[in-house]
Amino acid sequence: WFTSQPYPLESPNPTYSDEEYADVDWDSLGFGLMATDYMYITKCCEGQHFEEGQLSRYGNIKLSPAAGVLNYGQGLFEGTKAYRKENGRVLLFRPEQNAIRMKIGAERMCMASPSIEHFVHALKQTVLANKRWIPPPGKGSLYLRPLLLGTGPVLGLAPAPEYTFLIYASPVRNYFKEGSAPLNLHVEENFDRASRRGTGNVKTISNYAPVLMAQTTAKKRGFSDVLYLDSATKKNLEEVSSCNIFIAKGKCIATPATNGTILSGITRKSVIEIAGDLGYQVEERAVGVDELIEADEVFCTGTAVGVAPVGSITYQDKRMEYITGSGTICQELNDTISGIQTGTIQDKKGWIIEV
Ligand code: COI
């Protein structure tokens with residue numbers, strides 16, 4: 001089944017010492033895929049539980065042409081990051097939240113899913129096996145991409161008879177080509193991202209290809225990405241293709257409530273909590289597109305994106321500009337959450353797991 005030899009779990013990475021780094025130009029990392037050493041993989045039949053899997057050399061997997069994921073999009077993905085501390089320790093940020101989200105998504109998509117403990121254990125194994133690919137402190141992180149796929153063959157529309165849980169990894173830094181510079185968003189009016197009672201709130205792979213057309217068009221026009229409105233009224237903000245959105249005015253921060261169409265981002269949830277602790281009034285509610293006119297700041301949150309400032313939003317040919325840079329709420333939140341994630345700020349919330 002594997003295209004390469006399975007690798008035993010007991011000795012994850014014998015070839016490389018704990019201190020060794022992969023041969024990477026750490027200063028030029030973006031968000032491109034870099035093949036690392038190992039991936040974690042396990043599979044199970046429909047109606048059964050996932051058994052502990054194994055590490056295998058990173059490489060292609062064989063799939064039936066009739067696999068549920070290929071034919072009917074029965075698949076979920078997650079994203080989380082591992083960070084290297086100055087003292088060499090490796091940290092994961094709230095990985096159980098990814099496990100919970102995958103479990104909820106799997107129920108929605110009629111898929112078997114790994115237990116929370118299994119998911120976190122598998123993440124740790126993947127991180128340890130690829131330790132030399134974790135960037136030095138301050139240079140980025142190791143992005144972990146858990147996948148849950150319907151890999152069994154189906155011809156008629158039905159849940160696949162077999163599922164695969166897989167995790168691969170890639171070192172990353174800035175998601176957008178803008179680096180840490182402010183993003184310029186365009187409000188999308190021709191396409192919707194999600195509909196009421198659809199799957200907008202789960203991380204199914206089938207939510208992502210449909211945004212590519214609007215994104216590509218916007219990028220050609222010089223925008224960083226697009227901001228979606230709710231499909232029912234076109235009056236409220238939803239999210240950006242790959243991340244959640246927040247607006248700020250004075251000491252008040254608002255973000256669209258997760259009403260079933262919006263992905264419940266782990267960075268979103270953490271930023272809401274941190275902002276409350278820092279004394280901001282945080283509201284999860286319908287955020288009108290007209291509120292973009294009065295906002296002082298707008299920012300995006302996501303695992304890949306981090307907490308990213310938005311410099312402008314264009315809606316119906318009107319460009320609105322926002323405060324960015326030092327002294328902003330966005331920067332304060334970004335500094336706080338990334339400090340917790342990288343271990344430079346003490347984690348008082350139990351969010352960090354040492355691998
Ligand atoms: C993440 O932020 O980890 C995501 O999964 C978004 C993806 C489009 C890169």
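Helices (H or I, at least four residues) and strands (E, at least two) are DSSP runs, numbered from the N terminus. The structure is a predicted model, in which local features need pLDDT of at least 70 and side-chain atom pairs count only at pLDDT 80 or more, whereas totals for chains, interfaces and linings use all residues. Residues are numbered from 1 along each chain as its sequence is written.

Lys203 is found in the loop between strand 9 (183-187) and helix 4 (212-220). The unreviewed UniProt entry annotates Lys203 as "modified residue: N6-(pyridoxal phosphate)lysine"; such annotations may be inferred rather than shown by experiment, and their positions follow the numbering used here, with feature names shortened. Lys203 is buried because 23 other C-beta atoms lie within 10 Å; a residue is classed as buried at 20 or more such atoms, exposed at 12 or fewer and partly exposed in between, with C-beta atoms placed from the backbone. Beyond its neighbours within four places in sequence, Lys203 is in contact (C-beta atoms, placed from the backbone, within 7 Å) with Leu76, Phe77, Glu78, Arg101, Gly105 and Leu263.

Strand 5 (residues 80-84) is mostly covered, five of its five residues being buried. Thr80, Ala82 and Arg84 point one way, and Lys81 and Tyr83 the other way. In a regular strand the side chains alternate between the two faces of the sheet. Strand 5 runs antiparallel to strand 7 (residues 141-150), joined by three bridges, where pairing requires at least two DSSP bridges; Ala82 stands opposite Leu142. Three bridges also join strand 5 to strand 6 (residues 90-93), again antiparallel, with Val90 as the bridge partner of Arg84.

Key
Two residues are in contact if their C-beta atoms, placed from the backbone, lie within 7 Å.
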